[in-house]
Amino acid sequence: MAQESSHAVRAAGPHRVVVIVDENSNPFELGCATEIFGLRRPETGRDLYDFRLCSPAPRTLMRDGFFTLTGVADLEAADAADTLIVPNRPDIEVPRRPAVLDAVLRAHARGARLVGFCSGAFTLAEAGVLDGRRATAHWQWAESFRARFPSVRLEPDVLFVDDGDILTAAGSAAALDLGLHIVRRDHGAEIANAVSRRLVFAAHRDGGQRQFVERPVPDVPDESLAPVLAWAQERLDSALTVSELAARAAVSPATLHRRFQAQLGTTPLAWLTGERVALACRLIERGESRFDVVARRTGLGTAANLRALMRRETGLNPSAYRRRFGPEAG
């Protein structure tokens, strides 16, 4: 469950995101962080983040020597971060530089939000900030992670884990999911959707979804869920059931359930609930203050059900969500 963060964008200026890049870091995750947090989004009408890269060395050789990164700030930039994204790299058995671990510890001590993409969880665990905390890492390294860091509550079969002030993503592409989740936490569903549209990426995949699916490319004939998903998204205000979704897809409920698990890594009911909560968030952001109306228009039924499900999915009840992300939010 997402938790309300004390690291929301400050009124005094954009939230500062700093990425530490270290020797042999993966370019893909660096690109994900840059794309989500570093690019200007004029369509949103505001600057979302103040973004910087830093490194413990003037020249940083990226993974497998593909290229060398130069011209970024030194490690002192990490001391000004509101959110610090720690370095990840494939050589998980090689200890991180003490200077990097010290920077992570200082950031944690002053209350900064810490983020690890993929093997970045190893950096956080080496720094000691994950002891007794929930985290995830790439499934390929789960056994190694557990052996080295038994005090960490590893969840190896999810896309990402939001543990409040420390967030971890399982693998390369899951960095995009976690990045958009952070944007949603900081700025709300509308802004996160705008960023995802620019990325041409799914606006929301819940962190609890599995890291990989059984059949990522459908066999012939096409068994894609896209048509039934689009049909359901246009009818969220209706009392849709799993049986109705299955009938629309011309399959049995059991077959539909298997396809959801194989293609989306979740269940039909969980997907439907997530879509309804996301719609509720958008309606509140657009100014709808009557929560019984929001509940009815999203198919969540009652204001009480809306409160319970929004709290579970976003960490905020509707009133708190409106104060933070509504039209009059400061």
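Analyst: Let's start with two strands. In this predicted model, strand 5 (residues 83-86) and strand 6 run parallel and are joined over four bridges.

User: What makes strand 5 and strand 6 a pair?

Analyst: The count of bridges. Two strands pair if at least two bridges link them, and here there are four, in the parallel sense. Within that pairing, L84 stands opposite L114 of strand 6. To get from strand 5 to strand 6, the chain passes through helix 2 (residues 98-109), and this β-α-β crossover is right-handed.

User: Which other strand pairs with strand 6?

Analyst: Strand 10 (residues 166-169), again in the parallel sense and over four bridges. There, L114 stands opposite I166.

User: How do you know that strand 6 is mostly covered?

Analyst: Five of its five residues (113-117) are buried. R113, V115 and F117 point one way, L114 and G116 point the other way, and all are buried. As a general rule, side chains in a regular strand alternate between the two faces of the sheet.

User: What does L114 touch, apart from its close neighbours in sequence?

Analyst: Leaving out residues within four places, L114 is in contact with L84, V104, A107, H108, L124, V129, D165, I166 and L167.

User: Which residues have the most contacts inside the largest nonpolar core?

Analyst: They are I20, C54, L84, L114, L124, L130 and F145, in a core of 35 residues. Strand 1 (15-20), strand 5, helix 2, helix 3 (120-127) and helix 4 (142-148) each supply at least two residues of this core. A second, separate core has 32 residues, including F260, L279, V294 and L306. In soluble globular proteins, nonpolar side chains tend to be buried together.

User: Why is helix 6 called largely enclosed?

Analyst: Because eight of the 11 residues of helix 6 (residues 189-199) are buried, the rest of the structure largely encloses it. The buried ones are A189, I191, A192, N193, A194, V195, S196 and L199. Their cover includes helix 1 (27-38), helix 5 (174-187), helix 10 and helix 13 (318-325).

User: Helix 10 came up there. Is T273, in that helix, buried or exposed?

Analyst: Buried. The cut-off for that word is under 20% relative accessible area, and T273 has 13%, so it qualifies. T273 sits in helix 10, which covers residues 268-285. Beyond its neighbours within four places in sequence, T273 is in contact with L309 and R312.

User: Why are C32 and C281 called buried?

Analyst: Same cut-off, under 20%. C32 comes in at 5%, so it is buried. C281 also has 5% relative accessibility, so it counts as buried too.

User: What makes D64 and R63 a salt bridge?

Analyst: The distance. The limit between the side-chain nitrogen and the carboxyl oxygen is 4 Å, and the closest N and O atoms of D64 and R63 are 3.6 Å apart. D64 is exposed because its accessibility is 56%, and exposed starts over 50%. R63, at 31%, is therefore partly exposed.

User: Where else do you find a salt bridge at 3.6 Å?

Analyst: Between R235 and E234, with their closest N and O atoms 3.6 Å apart. R235 has a relative accessible area of 30%, so it is partly exposed, while E234 has 62% and so counts as exposed.

User: How do you know that E288 and R290 meet in a salt bridge?

Analyst: Their N to O distance is 2.9 Å, which falls within the 4 Å limit. E288, with 13% relative accessibility, is therefore buried, whereas R290 is partly exposed at 49%.

User: How many salt bridges are there in the whole structure?

Analyst: A search finds 22. Some of them form a network that links D22, E23, R89, D91 and R97.

User: And what does the protein come to overall?

Analyst: Its secondary structure amounts to 13 helices and 10 strands. Of its 330 residues, 52% count as buried. Among contacts with a separation of 6 or more, 64% join residues 24 or more positions apart.

Technical notes: Residues numbered from 1 in each chain as written. Predicted model: local features only at pLDDT ≥ 70, side-chain atom pairs only at ≥ 80, totals over all residues. Heavy atoms only, no water. Buried < 20%, exposed > 50% of the residue type's maximum accessible area, 1.4 Å probe, protein only. Right-handed = clockwise from strand over helix to strand, strands pointing away. Contact = heavy atoms within 4.5 Å. Core = buried A, V, L, I, M, F, W, Y, C linked by side-chain atoms within 4.5 Å.
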